[in-house]
Amino acid sequence: MSSAKDGYKLPRFTIGLLVCIYTFCYIDRQIINILAEPIKNDLSLSDSQLGLMTGIAFAIFYSTMGIPVARLAEKHHRGYIIAASVALWSMFTIACGFAKSFGWMLLARVGVAIGEAGCTPASNSLIIDYTPPEKRARAISWYMLGVPLGLLIGMASGGALADLYGWRTAFVVAGLPGFLLAILAIVSIKDPRRGRTFTANDDAPADVAAPIALIDTLRTLARNRPFVLVAVGGATASFMANGQVAFLAAFLLRVHGPGLETMYDVGPITVVGLTLGLVGGIFGGIGMLAGGWLGDRFGGRNFEGYMTVCALAAALAIPFFVLALLAPSWGWAVAALIPASVLGSVWGGPVFALIPSIVAPNMRATAVAVGLFGINLIGHGAGPLFTGLLSDYFATTHGPSEGLRLALVVSTLVGLAAIPFYLMARSELKRATAAG
């Protein structure tokens with residue numbers, strides 16, 4: 001994580017702590033997905049309400065609050081901002097475990113979203129500031145290992161805790177470690193930018209050029225065609241991914257759950273949670289790291305190779321996801337999910353490394369927040385809601401199991417739309433490189 005030649009240095013403990021924080025960020029964000037069926041039954045919810053609770057309600061506040069928090073991160077100690085974020089979302093995760101109604105659960109999820117809004121903009125800008133361009137996709141990929149690790153721990157432990165002690169206990173256990181991580185962030189993250197600012201053109205810290213006004217930053221980003229195209233491509237990929245994540249566990253339980261009760265000695269929620277956790281955690285992690293390595297290998301300082309990697313991975317991943325949904329048995333579904341998870345995770349490192357790399361250093365946290373605004377509002381927000389609404393619609397003629405299957409197939413195919421945006425972004429980056 002360092003380069004003496006270029007003057008970059010990111011402490012290994014810091015990146016390790018950021019990975020751990022992002023892991024629990026994703027655990028607390030996604031654990032509700034493995035708990036969706038027992039929550040639905042206990043609180044008498046519809047799939048549309050599940051989609052609203054897991055998707056748009058979370059995404060609106062997560063996306064919106066990310067921008068003002070990112071402005072704070074441009075000017076103030078990012079370690080303190082990260083610590084406050086962790087403590088806030090952990091408190092509201094625990095509150096989810098005490099929910100007695102849909103409204104209570106919805107408000108608690110909004111609290112989780114507000115807390116988590118401060119994590120990624122501050123963390124990404126910290127990492128990018130001290131990583132040379134040719135290593136950025138790998139650095140961000142290591143940070144984004146929190147996604148598959150969070151999926152692994154959240155799905156596996158959440159399912160087991162739900163079967164043993166109930167879904168409410170699972171929320172409480174998931175939220176408690178965050179308070180320790182908040183303390184560690186306060187005492188150990190040393191923001192090397194503190195007391196100095198950045199130039200508009202340098203990749204390393206300097207003692208000039210303060211962060212620019214928000215309106216000027218937004219205007220600059222809107223005129224940055226590669227930034228816009230990369231963000232839209234990432235938002236489309238996120239739409240597909242979050243529509244799947246929100247309902248895949250429920251789908252597997254409805255379609256294959258009855259057979260799992262006779263195949264294993266533990267409950268079906270435990271089996272599905274552990275399986276999705278292992279597949280997403282191990283193979284999703286492999287895809288995440290591979291995306292970072294391939295992006296840096298073929299992108300380098302010019303970055304257009306990042307988009308080639310994302311487009312190819314999307315084209316290969318979607319057929320495997322569809323096969324998993326149409327599989328006639330549990331074994332074939334899991335077999336198809338393995339390559340789908342590898343290929344479906346590739347885009348994260350290149351996209352989130354590229355977004356702050358193609359803007360001036362004094363607007364990186366804001367660029368990440370603006371990119372996340374679109375990616376999460378469209379992906380995390382609209383993806384689950386769209387899938388839930390489709391599921392309720394198809395259920396009227398095909399039943400709840402087949403209705404959800406059809407809804408997931410449709411939302412997965414929407415992911416194909418990310419490919420042309422990646423390719424257009426590649427052309428823009430190539431043109432900029434040739435002109436510059």
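## Close-up views of a predicted model

View 1. The side chains of E402 and R405 meet in a salt bridge, with 2.9 Å from N to O, in a model that is predicted. Both residues lie in helix α17, where E402 and R405 are 3 residues apart, or about one turn of the helix. The two partners can also be described by their accessibility: E402 counts as partly exposed, at 33% relative accessibility, whereas R405 is buried, with a relative accessible area of 12%. By the rule applied here, the count of salt bridges comes to 8.

View 2. The closest N and O atoms of E428 and R431 are 3.0 Å apart, and the two residues form a salt bridge. Both E428 and R431 lie in helix α18, which covers residues 418–435, and they are 3 residues apart, about one turn of the helix. E428 has a relative accessible area of 17% and is therefore buried, the limit for this class being under 20%. The view also takes in R225, which is linked with E428 and R431 in a network of salt bridges.

View 3. E37 and R254 are both buried.

View 4. Where in the chain is the place of R254? R254 is found in helix α12, which comprises residues 225–263, and at 14% relative accessibility R254 counts as buried. The side chain of R254 reaches the backbone oxygen of P400 at 3.3 Å. When residues up to four places away in sequence are not counted, R254 touches E37, K40, D47, S391, P400, S401 and L404.

**View 5. A tilted aromatic pair is formed by F239 and F386.** By the rule applied here, the count of aromatic pairs comes to 5. F239 and F386 form an aromatic pair that is tilted, with 5.4 Å centre to centre and 50 degrees between the planes. Because F239 lies in helix α12 and F386 lies in helix α17 (residues 364–414), the pair ties together parts that are 147 residues apart in sequence. F239 counts as buried, at 11% relative accessibility, while F386 counts as partly exposed, at 31% relative accessibility.

View 6. The place of H77 is in the loop between α3, which covers residues 47–75, and α4, which covers residues 78–96. Is H77 buried or exposed? H77 has a relative accessible area of 11% and is buried. The side chain of H77 reaches the backbone nitrogen of G79, at 3.0 Å.

View 7. The residues Y80, L180, I183, L184, I186 and V187 form a nonpolar patch on the surface, and together they have about 560 Å² of accessible area. Helix α10, residues 177–188, gives the most to the nonpolar patch, with 5 residues. One of the patch residues is I183, which is found in helix α10 and which is exposed, with a relative accessible area of 52%.

**View 8. The whole protein chain, as a setting for the close-up views.** The secondary structure of the protein chain comes to 18 helices and 2 strands. The protein chain has 436 residues, of which 60% count as buried. Its accessible surface comes to about 16,300 Å², and 69% of that surface belongs to carbon and sulfur atoms. Among the contacts in the protein chain with a separation of 6 or more, 82% are accounted for by residues 24 or more positions apart.

Key: Residues are numbered from 1 along each chain as its sequence is written. This is a predicted model: local features need pLDDT of at least 70, side-chain atom pairs count only at pLDDT 80 or more; totals for chains, interfaces and linings use all residues. Side-chain values use heavy atoms; hydrogens and water are left out. Helices (H or I, at least four residues) and strands (E, at least two) are DSSP runs, numbered from the N terminus. Buried means under 20% relative accessible area, exposed over 50%, partly exposed in between (1.4 Å probe, protein chains only). A polar contact is a pair of N or O atoms within 3.5 Å; within protein, one must be able to donate a hydrogen and the other to accept it, and residues adjacent in sequence count only if both atoms are side-chain atoms. Contact means heavy atoms within 4.5 Å. Patches are made of residues with over 30% relative accessible area and no salt bridge: like charges are joined within 9 Å, nonpolar side chains (Val, Leu, Ile, Met, Phe, Trp, Tyr) within 5 Å. Accessible areas come from the Shrake-Rupley method with a 1.4 Å probe; for residues, only the protein chains shown count as cover. A salt bridge is a side-chain nitrogen of Lys or Arg within 4 Å of a carboxyl oxygen of Asp or Glu. Rings of Phe, Tyr and Trp (its six-membered ring) pair if their centres lie within 6.5 Å; planes under 30 degrees apart count as stacked, over 60 as edge-to-face and the rest as tilted.
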